[in-house]
Amino acid sequence: MKEKGWKEIPIGGLILKAGNAEEYKTGDWRTFRPVRDEEKCTNCLICWIYCPDSSIIVEDGKVKGIRYDYCKGCGICATECPVEAIKMVEESEFRKKGGE
Amino acid sequence: MGRIVGLTGDETAAEVMRQINPDVLAAYPITPQTETVQRFSEFVADGKVSTEMVRVESEQSAMSACIGAAAAGARAMTATSANGLALMWEIVYIAASCRLPIAMVVVNRALSGPINIHCDHSDSMGARDSGWIQIYSENCQEIYDNLIQAVRIGENREVLLPVMVTFDGFIISHCTERLELLEDKKVRDFVGEYKNSYPLLNVDNPITYGPLDLFDYYFEHKRQQIEAMEKVPQVIQRVGEEFEKLSGRTYSLMEEYKTEDADFILVAAGSTAGTVKTAIEELREEGIKAGLLKIRVFRPFPVAKICQVLKKAKAVAVLDRSASFGAQGGPIFLEVRSALFGEERKLPVINYIYGLGGRDISIEQIKGVYRNLQKIADTGKVKKLVDCIGLRE
């Protein structure tokens with residue numbers, strides 16, 4: 001998101017639209033990234049239940065991936081996963097290995 | 001027709017707030033502001049106003065309630081003094097940064113400690129960087145006139161800033177003076193209705209006040225506050241002209257008293273300006289061309305106007321009713337001297353700290369200041385840049 005100048009923003013720090021937290025990408029706060037092993041995953045959806053940021057993408061009852069734009073890397077999904085299908089990988093390591 | 005009455009400063013503030021009839025008044029009593037709120041609460045009890053009066057448990061709550069009310073879309077007012085203002089501190093800044101045009105009466109009193117209930121300007125001067133407009137009043141008439149105008153100035157669309165109207169504790173707050181009141185209807189028509197463009201209670205368009213604002217946008221919001229302050233002088237001028245049509249009394253950013261041909265000019269704020277005027281009358285009889293520049297608006301500080309008036313003088317003395325510990329002099333002095341730095345001709349500007357904790361200043365002492373200015377002009381030498389008046393060594 002391009003940051004705006006002082007003449008372009010509402011005064012007083014007001015936020016004039018409801019529900020705009022969606023536009024604020026909080027994923028860059030992350031130090032550890034959850035990496036899911038698709039083969040191990042049993043689609044029990046426990047990660048989806050526990051994720052405090054609704055960052056587990058589920059379609060037709062199956063886990064399709066993780067919303068890294070919003071995932072802050074808290075690691076709850078990895079802790080709760082009963083089959084250890086989610087591993088927390090240090091973001092810098094992940095990037096070094098040519099990740100996104 | 002308006003009325004001519006005798007009221008104390010506190011009663012005046014209550015009376016004009018009755019006429020303004022704000023939607024919300026939240027206040028906590030503190031000497032010497034107490035009678036303002038006490039009398040206003042009588043108006044509430046007697047049904048003379050439709051104001052929702054919030055009896056809070058502290059000044060911090062008073063300002064918080066005002067912010068909540070103003071954000072909701074109400075016209076909110078409060079009154080305080082010294083330690084009360086200090087207890088509000090955090091919220092005072094928030095009112096300005098949320099751009100809520102709250103009007104606050106500050107009855108100037110010395111800040112503790114040691115504890116003191118009498119007048120000096122240490123309370124409001126301490127809040128000079130809080131983002132509030134500051135208007136100082138010399139007497140009861142000015143309290144009345146300034147508060148009416150303060151509502152319009154703060155609520156102006158280009159401004160949207162809170163306004164402090166101050167007057168000297170006890171000297172003005174507890175002394176009865178003659179003043180002219182306008183008719184209720186005229187005052188109410190003049191202030192009009194407060195219309196918040198972004199009321200918090202608009203459920204059709206929910207908005208957020210006071211969100212977290214970090215390194216990415218906080219700076220931009222501060223820049224907006226600077227901009228709003230820059231708009232204030234012209235708004236004060238316009239509101240003053242409109243008020244003159246209503247009342248016949250003239251108001252500008254400052255008052256000049258016999259400055260036109262003055263060799264020696266004193267700069268002062270508050271009730272002492274009145275004493276200075278008397279000293280000027282007496283000195284003029286002796287043939288000394290003395291003048292006064294009275295600070296009415298201290299925030300924003302009217303730099304250009306002040307230079308215009310002072311630059312023709314031979315010497316200038318600034319009277320400060322507060323000390324700025326560790327600084328070169330009092331707050332008004334620092335502003336005035338800095339303003340004059342850009343002038344081609346170097347002009348001697350000296351500073352006197354006076355009246356701390358309510359100590360009186362006499363006509364003779366003020367004359368002494370003018371005589372010192374004369375000496376400086378004659379010799380070209382400033383013996384002491386910052387001095388005290390009425391202090392025992």
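Let's start with B:Arg249. This residue is buried, with a relative accessible area of 15%. Keep in mind that we are looking at a predicted model. The side chain of B:Arg249 meets that of B:Glu180 in a salt bridge, 3.5 Å from N to O. B:Glu180 sits in strand 8 of chain B, residues 177-181, while B:Arg249 sits in the loop between helix 8 and strand 9, so the pair ties together parts 69 residues apart in sequence. B:Glu180 is partly exposed, at 32% relative accessible area, whereas B:Arg249 counts as buried because 15% is under the 20% limit.

Next, a second salt bridge in chain B. B:Glu142 pairs with B:Lys294, and their closest N and O atoms are 2.5 Å apart. Salt bridges with shared partners join B:Glu138, B:Glu142, B:Glu255, B:Lys277 and B:Lys294. Over all chains, the count of salt bridges is 34.

Six strands of chain B form an open sheet, in the order 9-11-10-13-14-15, with mixed pairing. Which strands are at the edges? They are strand 9, residues 254-257, and strand 15, residues 386-388; each pairs on one side only. From one strand to the next, the twist averages 20 degrees. Strand 9 pairs with strand 11, residues 290-295, in the antiparallel sense, over four bridges. In that pairing, B:Tyr257 stands opposite B:Leu292 of strand 11.

B:Thr51 lies in the loop between helix 2, residues 34-45, and strand 3, residues 52-55. At 6% relative accessibility, B:Thr51 is buried. A polar atom of its side chain is 2.6 Å from the backbone oxygen of B:Pro22. Then B:Gly240, in helix 8, residues 218-247. B:Gly240 is buried as well, at 1%. Its C-alpha atom is separated by 15 Å from that of B:Leu182, 58 residues away along the chain.

Now over to chain A. Here strand 2, residues 56-59, and strand 3, residues 62-66, run antiparallel and are joined by four bridges. What is the bridge partner of A:Glu59 in strand 3? The partner is A:Lys62. This hairpin has two residues between its strands, and A:Asp60 takes a positive phi near 50 degrees.

A:Lys96 and A:Glu93 meet at 3.3 Å, N to O. Both lie in helix 3, residues 91-96, three residues apart, about one turn of the helix. A:Lys96 is exposed, at 66%. A:Glu93 is partly exposed, at 31%.

Last, the surface of chain A. A:Trp48, A:Ile49, A:Tyr50 and A:Ile76 make a nonpolar patch of about 430 Å². Where does its largest share come from? Helix 1, residues 46-50, gives three residues. One residue found in helix 1 is A:Ile49. With a relative accessible area of 59%, A:Ile49 is exposed.

Key
Residues numbered from 1 in each chain as written. Chains lettered and ligands numbered in written order. Predicted model: local features only at pLDDT ≥ 70, side-chain atom pairs only at ≥ 80, totals over all residues. Heavy atoms only, no water. Pairing = 2+ DSSP bridges. Axes fitted to C-alpha atoms, helices over the stretch in contact; angles between N-to-C directions. Patch = residues over 30% accessible without salt bridge, like charges linked within 9 Å, V, L, I, M, F, W, Y side chains within 5 Å. Areas by Shrake-Rupley, 256 points an atom, 1.4 Å probe, with all protein chains shown as cover. Salt bridge = Lys/Arg side-chain N within 4 Å of Asp/Glu carboxyl O. Buried < 20%, exposed > 50% of the residue type's maximum accessible area, 1.4 Å probe, protein only. Polar contact = N/O pair within 3.5 Å; in protein donor to acceptor, adjacent residues only side chain to side chain.
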